Structures are given as C-alpha cells and as structure tokens.
Amino acid sequence: MSEDKVQLDDVLGTLGAFGRHQVITLCLLSLVYATNSMYNVNYVFAIEDVNYRCKVPQCDIDDNFSTPWLSELDIKQCYHHPPLQGCTGLNTSIKETCTEWLYDVPNSFIAEFGLACEDWKPPLVGTVHSFGAMVGLLLQGQISDRFGRKTAAVFAGTMGAVFGITKSFSTSFWLYIVLEGLEAAIGDALSPMFMLSIEIVEKKQAVLFQMILLNCYTGGLILMPFIAWAVPYWRHFLRVIYAPTLIILTYSFFLDESIRWLFSKGQKDKAIILIEKIAKRNNRRMDKVLLNKLEYTHESDQTQSDRKLLMKTFNSRIMMQRFLVCMVWWLTITLINYGMMISSVLIEGNKYINFALLMLMDIPANVFYWLALSKYKRKIPLIASFIIGGLFCVSQPFLPKGYAWLGLLLLMAFETLATFSYNIVYMYTSELFPTYTRNSMHAICSSIGRLGSLLAPQTPLLMTYWTGLPAFIFGASSLLSGALTLLMPETANTQLPDTVQEAEAIGSSKERAQDEELKGLT
C-alpha cells in the first residue's frame, strides 16, 4: 500500500470518537434505540390476557364480573379460562348460546374488541408485527443504501410514531392489525440508525459506541413494563410510548449523513465538507494535505443500479456462503430472544417485574459484549456464547424436578448469553459485506431472521407435548449456529469493506498480508 494514501478510518480516527459531534449524534440515536425496543414487543402488555365469562341476564344484573352464578356450565368450546358458573339448567355450549360477555378488565383490548372465545386473535398481533418487520427490513435496507442512512432513519422514525399513535385510536380489531403491520413495515428506524452508528466512527471504536446504544435499547425494555404498570389502559399506554418519537422528524436538521455512504455514492465533495464540519465542531484541526491523500475504493462503474450491485454481491460464492450462515444466525437469535421475552410474562408473579428483571440481564450482556470483543475479536466470543448457551438450554429440561431453582438459573444465564450472541451477530453481519450493499444485506439477513420471531409466540404450545421441548429447541439451534460460525472469517482487525473484492479478501492470506503492511506503516 502506498504511503501517500490515507484510509477513511485514519481520517475518522483524527476526528475523534467522543467529540462534541459524536456525543450529539449518540444522544439522537439513543432515543431511537430506547423507543424501538418498546415498539417491537409492546403487544405483550397492550394486548394483555384477561378473564371473561358469559353474561346471563337472569343472574348478572349489575354487570359485575364477580357476581356469583348458581351452578357450573359445561363449556367445551371455550376452555381457555377456569370453569365458569351460570344459571341452573343451562348446559349447552357456551360459545353458541352466549350473546354477551363479562370481562374482569372491561376497558382492556380483549374486552373493547369483544375477543372472548377467539383466543387465536390476540397472538395474531405479534405475528403480524413480526411479518411486517420482516418485509420492512427489506424496504429499509434498499432505502438506506440508495437514499442514505439519514433519509431512511428520519422517514421510518416519523412514520413509526404516526402509525403507533394512530393505532391507539383503532375502532376495530382488524383496523388495529392493519396499522400494526404498517407500523412494523414502514416505521422501523433501527436498521438505518445502526448503520449510521457504526459508520460515523473508526472501526476500533464502533464496538464501544454500539455498547452504549445497546444499553439504551435495554433501558427501553426495562422502562416499558413500568410505563404499562403506571398507565394500564392500553390506548393511553400506546400514546405515551409512541408520542416521543415524533421528534425524529426534526432530525432532518440535526443529524448528519454517513461519511462512508457519501463516499460510496461518489459524493466526495459533500463528504469532505462534512469531515471539515465535524472537525470544527470537535475542535480538531484537519490537515488539508491529509484529506487530499484520502483514498476511498468504490465500484469503477458508478452508474450501476442498486439492484445490479446487490446481485453482484449475491453472485459471489463467498458472499453467498456467508449469507447462508448469517441467515441461520439470525433465525436462531430472534427465535430465542423473542421466545424468552414472551415467556417471561407467563411466569408466576408480577408480570411487570418479571419482564423488567429478565431484560435487566441484558445490561451485563452488553458490557460483556464490549469487553469480550475488545480483547477476543468477533469469532471466538460468538462461538463460545452459542455453544455454552446451547449446552445450558439443552440440559435444562433434564434436571431433576427438585432443582427448579437451578433450571431457572440456567435459563437466566442462557438469556444473558443469548443477548450477547445477538449483539455480536448484529455487528458481525455488518462487517462481512461491502458498503454499497451493507444495509441491504444486513436487512435481508435480519428480515429472514424474523421468521424466528414469527415462530416464537407458538413455542409455549410445544409444552403440551413435552415441557422441556421449547428449551431443547432453543439450545439445539444455538449449538448449530455455533458450529456454523467456524466457517466464518475473523473481521475484527480489518477495514470495513467497500467492494465485493475487499469483502471476499477478509480472512484470506492476501488480506492478512495487507494488515501486516498497514501495521508496519503505522
């Protein structure tokens, strides 16, 4: 490599990692991370499960749910809740004969939309959200790579707030379902914001930067159950958590575009102006000579369409192999993480505290993620977390019944390792593909992974066959992902690739030689 040329990472390093510009950007991104975590699983509290029973006019005069009935009813088609009581002599199917219902929480989502004896409808909200997010990630990846990280993030964040608030005014269940799907598909700003966060600092600082934002994400998950506890009415709850993100519309004036993306689109002049702006804001002196030496490798044919660039990535055998492994990674981490969150509210005790405590385990996982990746790169920590976590989860169903506390301890440890794996996969995936398709490839992997979140709400049903089956499936998929990670290259000490050729070279002898040359020059 010529000594006269300077890499973009060198310039980003000169600008600093936590100057005024980066701190301001970090604050702007933290709101998106904290609120996005709530939007992904708010249905756990908004669509709460409530008890209900048939109203019998002869007995229920005051519409009080606690009014005793005179004898038990034979209920064959509505057995989700404890045996109900009714008037003497009424022994036919309650679902066919009942015309009005009483709910223990009259202003709940279930009660307002009359979902008694339709137990398949409430879980549909989570399934539609996951499907919408799966489609939305594909859209967001394309928008982000074509129009910029900032444009995609501002548009998605604003639309998420609009759809979220609008669905709190829903007048029917099916209108709510449509709005839930649109919000997930169009209003998820996390993907472009993540790309922006790892591209505004030099690569060796990206993990620390991301760790801070991940704790903001976790903070949102910990805060959400307490908001639901304080604001129990589901319509008010949704308005409280969605209203703050209306401010994202103002990010158009305060948030700057990714320097890497500007270079990848051939907009060198705009990128240089932005670099100088950041240097001034951070009170850093930027050498003009250094900027003139800045070398950025991009595709020689800048007229290629985004579709052709994406197909060029897929036509690479090495890229396709990595994509397939990433797909298994994402399926595993979404299945496990969403499965654990959904199961947390089914545990005996206060569901709000249970959820918050389980999410609290993510904080040490986030810190451990930063420490481990700083010392042990990417590959080894990911393999270890998948394998150890998988062994914990696979062994949990086989513990003696008298050691329930040990089973809970293993599940909590598995939650920590699962979050740790999730964090690494999020970062690792972004480092395997070239800049001009980085967000698209990351979004495709994440979108396919959403199949795991579609399956997660159904995992508790497997307990009817064997109580340990969900945990066993989680563990087995984790072990498989750990084994497949052996096929992946290490990316920790490499430059973020800008072309397919550079991405293919990661882990090759040629790339290692270039790294040694770079170290010799520095």
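Which are the buried residues of H9?

View 1. The buried residues (under 20% relative accessible area with a 1.4 Å probe, protein chains only; exposed is over 50%) are Leu 190, Ser 191, Pro 192, Met 193, Phe 194, Met 195, Leu 196, Ser 197, Ile 198 and Glu 199. Helices here are DSSP runs (H or I, at least four residues), numbered from the N terminus.

This is a predicted model: local features need pLDDT of at least 70, side-chain atom pairs count only at pLDDT 80 or more, and totals for chains, interfaces and linings use all residues. Residues are numbered from 1 along each chain as its sequence is written, and side-chain values use heavy atoms, leaving out hydrogens and water.

View 2. Buried here are Asp 362, Ala 365, Asn 366, Tyr 369, Ala 372 and Leu 373. Down the axis of H19 they fall within an arc of 135 degrees (taken from the directions from the helix axis to the C-beta atoms), so they line one face of the helix. The face turned away carries the exposed Ser 374 and Lys 375. Just after H19, Lys 377 takes a positive phi of about 65 degrees.

**View 3. Tyr 369 and the largest nonpolar core.** Such a core joins buried Ala, Val, Leu, Ile, Met, Phe, Trp, Tyr and Cys residues through side-chain atoms within 4.5 Å. Of its 103 residues, Phe 109, Phe 237, Trp 329 and Tyr 369 touch the most other members. Helix H10 (residues 203-230) gives the most to this core, with 12 residues.

How values were computed:
Helix = DSSP H or I, 4+ residues; strand = E, 2+ residues; numbered from the N terminus.
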